[in-house]
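Morning, everyone. Please have a look at it first.

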Amino acid sequence: MEEANQSMASEFIFRGLCDSRLLQTFLLLPFSMLYLMTVVGNLFVVLLFITDPHLHSPMYFLLANLSFVDFCLSSVTTPKLTTDFLKDNKTISFGGCMTQILCVHFFGGGEMVLLVTMAYDRYVAICKPLHYSSIMDRQKCIWLVLISWTIGFVHAMSQLVMILDLPFCGSRIVDSFFCDIPLVIKLACMDTHTLGMLINADSGILATTCFILLLMSYTYILLTVRLNSKDGASKALSTCTSHITVVLLFFGPCIFIYLWPLNITWMDKFLAVFYTVITPLLNPAIYTLRNKDIRNAIKRLINQHMNSQDNF
């Protein structure tokens, strides 16, 4: 029996989004398409920034990094989710489970800090326009992005260290489609109430701090916008609306999962799908549709392609 338990400890079993085999088959195509659109959309934004000199500014440098983070975050969970639709036995190794936890918190934590950085960039652009080029120079932008990646990594490692040595000797069934800490620690053969509070506090401090900073930044920006001319205010408000929409889409599900847990299985799964699958897809769409510079960059790219085809 001891040997059986030891072998079981090497993997976890996902319950998945639903139990119906027919529904899982039906969901395979939509989720595959969502992931393909996420990959294409986010990498296209990165490609636009690299190839179009008109987008070589701090705001679009940060946006390109956000798109890359969204691509990575979606890639941690969605490919596994889609392939599991075809399987009856949805297993993941212990190492794979810990890697998912590390990567979700690494990219998720990094995105939180990156969103704060983007709010700071808009604050400087709108509230201190005359000093923008000197404050948000290329070197500072790179440092801000590196800080966001570093904070995300430190946060992820702190989460992983707390659960890595937990004893798992009973059920291995995770009632979700990926390894999420609140669900994994429930499977440990010990009282994890205190540990769960520590883990939630760790995530909560990062999420709450970033969310408060974002609220303060955008409140100050919107108040400043009201004092500006109509043309400038309209453009600034359009940009800020895109940013605020992305912030709400990202932080909303995280708050309910980690800070205000509902303990409703279907709701938890819906929110998990939203921030790991849907939000990474919506972000490039929101910025692309609402941003005139990016729309113009797309037109220039299409025109260049058509011209090169004509010359050929």
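A disulfide is a pair of cysteine sulfur atoms within 2.5 Å. Before I use that, a word on the source: this is a predicted model, where local features need pLDDT of at least 70 and side-chain atom pairs count only at pLDDT 80 or more, while totals for chains, interfaces and linings use all residues. Residues are numbered from 1 along each chain as its sequence is written, and side-chain values use heavy atoms, with hydrogens and water left out.

How many disulfides does a search of the whole structure find? The search finds 1. Cys-97 and Cys-179 form it, with their sulfur atoms 2.1 Å apart. The angle about the S-S bond is -120 degrees, and the link is left-handed. Cys-97 sits in helix α4 (residues 94–127), and Cys-179 in the loop between β3 (173–174) and α7 (181–184), so the pair links distant parts of the chain, 82 residues apart. Helices here are DSSP runs (H or I, at least four residues), as are strands (E, at least two), numbered from the N terminus. Both cysteines, Cys-97 and Cys-179, are buried. Buried means under 20% relative accessible area, exposed over 50%, and partly exposed in between, with a 1.4 Å probe and protein chains only.

Cys-72 is buried, at 12% relative accessible area, whereas Cys-127 is partly exposed, at 21%.

Next, helix α3. The helix covers residues 58–84, which is 27 residues. From first C-alpha to last, α3 reaches 40 Å, close to the 39 Å expected; the expected span is 1.5 Å times one less than the number of residues. Of the 27 residues of α3, 23 are buried, so the helix is largely enclosed by the rest of the structure.

Last, the rings. Rings of Phe, Tyr and Trp (its six-membered ring) pair if their centres lie within 6.5 Å; planes under 30 degrees apart count as stacked, over 60 as edge-to-face and the rest as tilted. The count comes to 17 aromatic pairs. One of them, Phe-49 with Phe-61, is tilted, at 5.8 Å centre to centre and 50 degrees between the planes. Phe-49 lies in helix α2 (residues 21–51) and Phe-61 in α3, so this pair ties together parts 12 residues apart in sequence.
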